[in-house]
Amino acid sequence: MSTWLLIAAINGFLAVAAGAFAAHGLHGRLDTHAMQIFETAARYQMYHALAIGLAALILRGAAANAANAAAGFFLAGIVLFSGSLYLLALTGVRAFGFVTPFGGVAFLIGWIALGLAAVRIAP
């Protein structure tokens, strides 16, 4: 079993569910700004669910360590970035916004690690 591929699938599912929840369950309950924040969280969760899946597919040989690190940073980014934005949108508590940049940095590190994995894949 590929744990990272499973994590990617779960996050993809959750991102779609969050987007549907925003469109149908939150419409009219949140103001426009909060809806945009929630939708940004769902969009970035989906992007990085796909990135985790990509990292899972190249988890072999010399690329394995970097691909594993990439997946881990992508997951941390989802929790910190998307999670803080979901909470901010739903509660209005601005303090959650202070966590968001840490998630963004985790995403960036994940992309760097995925790039390192790509150059280490044997031809």
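**Figure 1. Overall arrangement of the chain.** The chain holds four helices and zero strands, and its elements follow the order α-α-α-α from the N terminus on. The model shown here and in the other views is predicted. The chain has 123 residues, of which 38% count as buried. Among the contacts in the chain with a separation of 6 or more, 73% are made by residues 24 or more positions apart.

**Figure 2. The packing of helix 1 against helix 2.** Helix 1, covering residues 3–25, and helix 2, covering residues 32–57, have axes 8 Å apart and pack at an angle of about 160°. Because angles over 145 degrees count as roughly antiparallel, helix 1 and helix 2 are described as roughly antiparallel to each other. The crossing in which helix 1 passes helix 2 is left-handed, and the residues of this contact comprise 18 nonpolar, five polar and no charged ones.

Figure 3. Met-46 lies in helix 2 and, with a relative accessibility of 25%, counts as partly exposed. Leaving aside neighbours within four places in sequence, Met-46 is in contact with Gly-12, Ala-15 and Val-16.

**Figure 4. The packing of helix 2 against helix 3.** The axes of helix 2 and helix 3 cross at roughly 165° and come within 9 Å, an angle that makes helix 2 roughly antiparallel to helix 3. Helix 2 passes helix 3 in a left-handed crossing, and the contact of helix 2 with helix 3 is made up of 22 nonpolar, four polar and no charged residues.

**Figure 5. The packing of helix 1 against helix 3.** Helix 1 and helix 3 have axes 11 Å apart and pack at an angle of about 20°, which makes helix 1 roughly parallel to helix 3. Helix 1 passes helix 3 in a left-handed crossing. On the side of helix 1, the residues Trp-4, Ile-7, Asn-11 and Ala-18 take part, and they meet Asn-68, Ala-71, Gly-72, Leu-75, Ile-78 and Tyr-86 in helix 3. By class, the residues of this contact divide into seven nonpolar, three polar and no charged.

**Figure 6. Asn-11, a buried residue of helix 1.** Asn-11 is found in helix 1, where its relative accessibility of 8% places it among the buried residues, the limit for which is under 20% relative accessible area. When residues up to four places away in sequence are not counted, Asn-11 touches Gln-45, Ala-49, Leu-75 and Ile-78. Two of these partners, Leu-75 and Ile-78, are in helix 3 and belong to the residues that helix 1 meets there.

**Figure 7. The largest nonpolar core and Phe-74.** In soluble globular proteins, nonpolar side chains tend to be buried together. The largest nonpolar core in this model has 33 residues, and those with the most contacts inside it are Phe-38, Ile-52 and Phe-74. Helix 1, helix 2, helix 3 (64–91) and helix 4 (100–120) each supply at least two residues of this core, while helix 3 gives the most, with 11 residues. Not counting residues up to four places away in sequence, Phe-74 touches His-48, Ala-51, Ile-52, Phe-107, Gly-110, Trp-111 and Leu-114.

**Figure 8. Thr-100 in helix 4.** Thr-100 lies in helix 4 and is buried, with a relative accessible area of 10%. Leaving aside its neighbours within four places in sequence, Thr-100 is in contact with Leu-80, Phe-81, Ser-84 and Leu-85.

**Figure 9. Ala-17 in helix 1 and its separation from Pro-123.** Ala-17 has its place in helix 1 and counts as partly exposed, at 34% relative accessibility. In sequence, Ala-17 and Pro-123 are 106 residues apart, and in space they are 38 Å apart from C-alpha to C-alpha.

Note on methods:
Residues numbered from 1 in each chain as written. Predicted model: local features only at pLDDT ≥ 70, side-chain atom pairs only at ≥ 80, totals over all residues. Heavy atoms only, no water. Axes fitted to C-alpha atoms, helices over the stretch in contact; angles between N-to-C directions. Parallel < 35°, antiparallel > 145°, perpendicular 65-115°, else oblique. Left-handed = near helix turned anticlockwise from the far one by under 90°. Nonpolar A, V, L, I, M, F, W, Y, C, P; charged D, E, K, R; others polar. Core = buried A, V, L, I, M, F, W, Y, C linked by side-chain atoms within 4.5 Å. Buried < 20%, exposed > 50% of the residue type's maximum accessible area, 1.4 Å probe, protein only. Contact = heavy atoms within 4.5 Å.
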